[in-house]
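Subject: Structure handover

Hello,

Please find the structure below. My notes on what was found in it follow.

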Amino acid sequence: MTTEYQDVARRLEAILLVVEEPQSLVALATAVSAPVAAVRQAIEALVADYDGLAGGPRRGFELREVGGGWRLYVRAEHDDLVSEFVNTQAPSRLSQAALETLAVIAYKQPVTRGQVAAIRAVNVDSVVRTLLGRGLITEEFADPETGAIHYGTTDALLVNLGINSLDELPPISPLLPDVSDDDSLDEALGR
């Protein structure tokens with residue numbers, strides 16, 4: 001591989017380490033500011049390198065084309081090892097935004113992403129992806145008319161909270177301001 005392609009390969013590796021979804025050759029070429037042909041050649045060289053076909057060792061990861069795009073994956077023979085490692089790591093703390101979103105889902109489920117966003121008055125797309133990835137919420141069903149996905153909590157949330165059911169969640173009404181008429185509701189909401 002020439003120096004030009006080695007430079008493209010290094011830049012591709014940097015991008016491929018951080019992508020969450022497979023990336024097309026065109027998207028990768030754009031990301032590394034290189035022609036598609038150079039990216040294709042660099043991808044082929046990286047695949048051969050990672051597979052041990054270029055004289056080096058076979059790596060514990062591979063570069064795979066999936067769904068019309070390229071992404072790094074753990075080799076199948078290491079799935080159990082990686083799964084065990086990930087599951088034994090100390091869980092990281094949830095952000096304030098994730099906690100708020102999780103509370104809305106726990107109390108209002110099943111609830112759509114749009115409903116959660118309306119309650120929190122912010123975009124919750126990335127937070128919902130995080131909660132899904134951590135297994136604290138799940139996709140319950142899709143609305144047949146709108147296609148909106150309704151989310152609910154999982155047993156993993158109950159385990160993390162140390163409770164047996166959502167019925168054990170504290171009542172939320174004592175935490176809200178007393179709003180007996182429209183004026184006090186407006187005042188409580190800062191209007």
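Glutamate 62 is buried, at 18% relative accessible area; buried means under 20%, exposed over 50%, and partly exposed in between, with a 1.4 Å probe and protein chains only. The model is a predicted one: local features need pLDDT of at least 70, side-chain atom pairs count only at pLDDT 80 or more, and totals for chains, interfaces and linings use all residues. Residues are numbered from 1 along each chain as its sequence is written, and side-chain values use heavy atoms, with hydrogens and water left out.

Salt bridges

The side chain of glutamate 62 meets that of arginine 64 in a salt bridge, 3.3 Å from N to O. The term salt bridge stands for a side-chain nitrogen of Lys or Arg within 4 Å of a carboxyl oxygen of Asp or Glu. Arginine 64 is partly exposed, with 32% relative accessibility.

Another salt bridge joins aspartate 125 and arginine 113, whose closest N and O atoms are 3.5 Å apart. Aspartate 125 belongs to helix 7 (residues 125-133) and arginine 113 to helix 6 (residues 113-120), so this pair ties together parts that are twelve residues apart in sequence. Helices (H or I, at least four residues) and strands (E, at least two) are DSSP runs, numbered from the N terminus. Both partners count as partly exposed: aspartate 125 has a relative accessible area of 30%, and arginine 113 has a relative accessibility of 24%. There is also a network, in which salt bridges with shared partners join Asp51, Glu62, Arg64 and Arg75.

Arginine 58 and glutamate 77 form a salt bridge through their side chains, at 2.7 Å from N to O. This pair links distant parts of the chain, 19 residues apart: arginine 58 is in the loop between helix 3 and strand 1, and glutamate 77 is in the loop between strand 2 and helix 4. Arginine 58 is exposed at 51% relative accessibility, while glutamate 77 is partly exposed at 47%. In total, the structure holds nine salt bridges.

Helix 1

Helix 1 has 14 residues (residues 3-16), which should span 20 Å at 1.5 Å a residue, and the 20 Å between its end C-alpha atoms agrees with this. The expected span is 1.5 Å times one less than the number of residues. Tyr5, Val8, Ala9, Leu12 and Leu16 are buried in this helix. Viewed down the helix axis, the buried residues fall within an arc of 105°, so they line one face of helix 1; the arc is that of the directions from the axis to the C-beta atoms. These buried residues pack against helix 2 (25-32), helix 3 (36-50), strand 1 (61-66) and strand 2 (69-74).

On the surface

Alanine 54 sits in the loop between helix 3 and strand 1. Its relative accessible area is 56%, so alanine 54 is exposed. Apart from neighbours within four places in sequence, alanine 54 is in contact (heavy atoms within 4.5 Å) with Ala48 and Asp49.

A nonpolar patch on the surface is formed by Val74, Leu81, Val82, Phe85 and Val86, which together have about 440 Å² of accessible area. Patches take residues with over 30% relative accessible area and no salt bridge, joining like charges within 9 Å and nonpolar side chains (Val, Leu, Ile, Met, Phe, Trp, Tyr) within 5 Å. Accessible areas come from the Shrake-Rupley method with a 1.4 Å probe; for residues, only the protein chains shown count as cover. Helix 4 (residues 79-88) gives the most to this patch, with four residues. Phenylalanine 85 lies in helix 4 and is exposed, at 51% relative accessibility.

Regards
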